[in-house]
Amino acid sequence: MPELPEVETTRRGVQSHLEGRALRGAIVRNGSLRWPVPPDLSARLAGETVRAVSRRAKYLLLECDSGTLLIHLGMSGSLRILAADTPAQKHDHIDLLLDGQLLRYRDPRRFGAVLWHIGPIETHPLLQALGPEPLSADFDGATLHQAIGKRGSPIKLALMDNHVVVGVGNIYANESLFYAGIAPTRPASSLSREECERLAAEIKAVLARAIEAGGSTLRDFVDSEGKPGYFQQSYMVYNRQEEPCRQCGTPIRQIRQGQRSTYYCPLCQPC
């Protein structure tokens, strides 16, 4: 699933192609995504100018004069800027039409979303209860310590709760906990203020490095130019079960938490 670095990489890739440009409408080949695509999407977008391309958590936001288009890449979605006459392939479900170009939404598993919202975007039901952005000044050790202070769930699961902090998905929660030297099984409420300071700093650092590397490509993700990410080449623990820890040589362990795989080094991340 594309996580925050992949979504941010996509945002940066399409931003210069979209901001300030007028939309001519849309072609919807299959509107049956996670939530139905508005049947009148083309009419709503025709004549709109994209004023800004921003991101909230894992949602891309195309801010127009009359509303905002929310795009979620789901499990396997991607966005590409293509020539207007580029033939559509299987799984190319939606095109946003520009003069001479188009923005193509591809989603083999159809678990993403393309939705139109009128009014302040923070009032959208999918966004209004979200926690702070991990790369913003609103997220630090103090914020994290307060958010998890009464949570008995494992810290790794707490980091994946969008009410605590947004966008820290499975891959980057594993990696951040390794760098912070914190076991993923620790009860969230057991972390000290000092540990939260260290963990918040590592979350920021890991996400920044991942964005610089173009995100991670494990299965489907490609950026707006069709290129894969490369951060997976520098994973310390994720998807490295039984391989030696790059720091101490101890075999990396894998367990299941919340129906997701967790990876950690038992020596570098003591319980």
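Me: Which word describes how α3 and α6 lie to each other?

Reply: This is a predicted model. In it, helix α3 (residues 141-148) packs with α6 at an angle of about 120°, and their axes are 8 Å apart. Angles under 35 degrees count as roughly parallel, over 145 as roughly antiparallel, 65 to 115 as roughly perpendicular, and the rest as oblique. So for α3 and α6 the word is oblique.

Me: Which residues of α6 make the contact with α3?

Reply: The crossing of α3 and α6 is right-handed. On the α3 side, the contact is made by G141, A142, L144, H145 and I148. On the α6 side, the residues are R193, C196, E197, L199 and A200.

Me: How many Å apart are the end C-alpha atoms of helix α1?

Reply: Helix α1 covers residues 4-18, which is 15 residues. At 1.5 Å a residue, α1 should span 21 Å. The distance between its end C-alpha atoms agrees with that: 20 Å.

Me: What covers the buried residues of α1?

Reply: First, see what is hidden. The buried residues of α1 are L4, P5, E6, V7, E8, T9, T10, R11, V14 and L18. The cover includes strands and helices: β2 (50-56), β3 (59-64), β5 (78-83), β7 (101-106), α5 (170-180) and α6 (193-212).

Me: Which residue with a positive phi follows α1?

Reply: Most residues other than glycine have a negative phi. After α1 comes a residue with a phi near 85°. It is a glycine, G20.

Me: Is E3 buried or exposed?

Reply: E3 lies in the segment before α1. An unreviewed UniProt entry lists E3 under "active site", along with P2, K58 and R260. The relative accessibility of E3 is 4%. Buried means under 20%, so E3 is buried.

Me: Which residues does R260 touch?

Reply: R260 lies in strand β10 (residues 260-264). At 33% relative accessibility, R260 counts as partly exposed. Not counting residues up to four places away in sequence, R260 touches K156, M160, N170 and I255.

Me: What is the relative accessibility of Q259?

Reply: Q259 sits in the loop between β9 (253-257) and β10. Phi of Q259 is near 65°, a positive value in a residue other than glycine. Q259 counts as exposed, which requires over 50%. The value for Q259 is 72%.

Me: What is the relative accessible area of R110?

Reply: R110 is in the loop between β7 and β8 (113-117). Its phi is positive too, near 55°. R110 counts as partly exposed because its relative accessible area is 34%.

Me: How many Å separate the C-alpha atoms of D95 and A142?

Reply: D95 lies in strand β6 (residues 92-97). It is buried, with a relative accessible area of 1%. Leaving aside neighbours within four places in sequence, D95 is in contact with G25, A26, I27, R29, L102, L103 and R104. A142 is 47 residues away along the chain, and the C-alpha separation is 43 Å.

Terms used:
Residues are numbered from 1 along each chain as its sequence is written. This is a predicted model: local features need pLDDT of at least 70, side-chain atom pairs count only at pLDDT 80 or more; totals for chains, interfaces and linings use all residues. Side-chain values use heavy atoms; hydrogens and water are left out. Helices (H or I, at least four residues) and strands (E, at least two) are DSSP runs, numbered from the N terminus. The expected span of a helix is 1.5 Å times one less than its number of residues. Buried means under 20% relative accessible area, exposed over 50%, partly exposed in between (1.4 Å probe, protein chains only). Contact means heavy atoms within 4.5 Å. UniProt positions are given in the numbering used here, feature names are shortened, and annotations may be inferred rather than shown by experiment. Axes are lines fitted to C-alpha atoms, for helices over the stretch in contact, and angles run from 0 to 180 degrees between N-to-C directions. A crossing is left-handed if the near helix is turned anticlockwise from the far one by less than a right angle, and right-handed if clockwise.
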